[in-house]
Each structure stands twice: as structure tokens, then as C-alpha cells.
Amino acid sequence: MCRLSPPRPDEPAGRNSLPELVARLVSEESLDRSARSRLLGRLALALAGRARGAGGGAITGGRWLVDVVLELAPHLAVRDLTTLRAHHGGRSGDELAEALVAAAAKTTAAIGAAGGALAALEFAAPPTLLTAPVQLAAETVAVVAVELKLVAELHEVYRAAVPAPPAERAAAYAVAWARQRGVDPFGSGGLGSVLGTAARRELRQRLVRRTGRNVVTLAPFLAGALAGAEMNRRQTRSLGAAVTRDLRRRATGGWFRP
């Protein structure tokens, strides 16, 4: 467990909302490990407040995490193809996809390192005690946000963006993340069924597994930082490769619009 200082009194409240904290963890590549650890700690504090209202077993059971992820997913800033190409030197197709996967893996590795540092440090008083499940939930939410953004932007790369309202589109990408493949809008039930019982169960099971893997960040001293960084890097690269292969196959087969 670790102790965290609360937000400074002069800090705007919006800077500590769940969507804002996740957005900063996902997008601010220039953060050093110390700053990222503080952000991750504040995300953990915000999640702890939510978890208290949901009951003691909410985090470990996974259903609460599903609700949190689906709430946050529509707020992720997904770039369109034009913006992605501009940010990556005009790359397109597989080269652009690889650049996105590499960048996402770098970010999730940094989050894993920050999670390990968070577990190893105690911040200034007045303290708030965080339990291990809350720390792990915070890292999981941050990592999944990065990977959901990656999944969505890979769909942009292969011209397979989901034509749906934001919440429904985000849910479709969340299910694609759980299944590690592209969204199939012509599959059984279509997009309208992405939040069905079976899909939510798949998402919950994947979130629980991912949270369990993040236990490595709780290793003593900074060993958890090294282990967490490497584990996240591998997992994100594996996800990116799987989704890319599926989208490339479908694009080659003419499944998506030209």
C-alpha cells in the first residue's frame, strides 16, 4: 500500500476528474515517471471514491471496471486518418499502424513503470491510504485507455472507423479490445448488440485478467516498475499486432469501404 497527498487546494477540480486524469495519462508523452506516478495516484484516489459506493468486491469482481471503462471510452481523443498521418511524417497503411503500436507500447510501458514507482513511494502528508486493488485498478484503467485509443486509431488507419454515435462506437472498440480483433459491423447482431450480456462478460473477463497481470508492479522497491513496464509493453504490442493483422486481412478482402 502507499500514501498519497490530496490535490493542491489551488488546483482546478476538473483536473482531477476521471476523464481528465485519464486523458493526461494517455496523451502527455513528455511526463517523467514522477509526474506520471502522481497522476496515477490521483486516478487511484478518484477510483477509490467510486469503489466505496460500489461495494467492497467491486474492483476484484470486474463488473465495476467494465462500467468505468465504458464511461471513459467515449471521452478518449481519437485522431482521424489525416491527423494521424500528419503526426507521423506522412506514413500510411502498415507503416503508420506500426508507428501507432510502438507509441502506444511506449506509453503503457511508462504507465507500468509509474505504477511500480507508485507502489514503492510514500507521498507527503496528509496521507490517503490506497489498497493494492485500487492501485491495480488505476493502472489497468490507464493502460486500457491507451489500448482502446490504439484500437480506434488502427481502425482509422485501415479506413474501418465505426459509423455510430460516440458511446456505441466506444463500446464497439472496447469489445474489439477484449477480443483482440477488428470490429465487424456485419457480425451477429450488428453494432446494436455490443453491450449484450456475452460481450460484457468477455470484457469483464479480459479486464480481470489484465488487472491480475499488473500485480507485478507491486514487487518490492522499484523492481515492480521494471517488471510493469516490460509486461505492459509486450501486452500492448501483442494487442496491436493482432488487431492490425485482422484489419489488414479484412481490408485486403474488401470488407471495408475504399
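Is Arg181 buried, partly exposed or exposed? Arg181 is partly exposed, because its relative accessible area is 38%. The cut-offs are under 20% for buried and over 50% for exposed, with partly exposed in between, using a 1.4 Å probe and protein chains only.

A word on the source. This is a predicted model, where local features need pLDDT of at least 70, side-chain atom pairs count only at pLDDT 80 or more, and totals for chains, interfaces and linings use all residues. Residues are numbered from 1 along each chain as its sequence is written, and side-chain values use heavy atoms, with hydrogens and water left out.

Back to Arg181. It lies in the loop between H8 and H9. Helices here are DSSP runs of H or I, at least four residues, numbered from the N terminus. Leaving aside residues up to four places away in sequence, Arg181 touches Ala176, Val243, Asp246 and Arg250. Contact means heavy atoms within 4.5 Å. Gly240 is 59 residues from Arg181 in sequence, yet 9.0 Å away in space, C-alpha to C-alpha.

Now the helices on either side of that loop. H8 covers residues 166-179 and H9 covers residues 197-213. Their axes come within 9 Å and cross at roughly 55°. So H8 is oblique to H9. Axes are lines fitted to C-alpha atoms over the stretch in contact, and angles run from 0 to 180 degrees between N-to-C directions. Under 35 degrees is roughly parallel, over 145 roughly antiparallel, 65 to 115 roughly perpendicular, and the rest oblique.

Who makes the contact? From H8, Ala174, Val175, Trp177, Ala178 and Arg179; from H9, Ala199, Glu202, Leu203, Arg206, Leu207 and Arg210. By class, that is seven nonpolar, no polar and four charged residues.

H9 has another partner, H4, residues 63-72. Here the angle is about 100°, with the axes 9 Å apart. That makes H4 roughly perpendicular to H9. On the H4 side we have Arg63, Leu65, Val66, Asp67, Val69 and Leu70. They meet Arg200, Leu203, Arg204, Leu207 and Thr211 of H9.

Last, the core. The largest nonpolar core has 67 residues, and Leu43 and Trp177 touch the most other members. Such a core is a set of buried Ala, Val, Leu, Ile, Met, Phe, Trp, Tyr and Cys residues joined through side-chain atoms within 4.5 Å. Helix H7, residues 132-157, gives the largest share, 15 residues. Among the residues that Leu43 touches are Leu18, Leu21, Ala138 and Val141, not counting residues up to four places away in sequence.

Note on methods: Helix = DSSP H or I, 4+ residues; strand = E, 2+ residues; numbered from the N terminus. Nonpolar A, V, L, I, M, F, W, Y, C, P; charged D, E, K, R; others polar.
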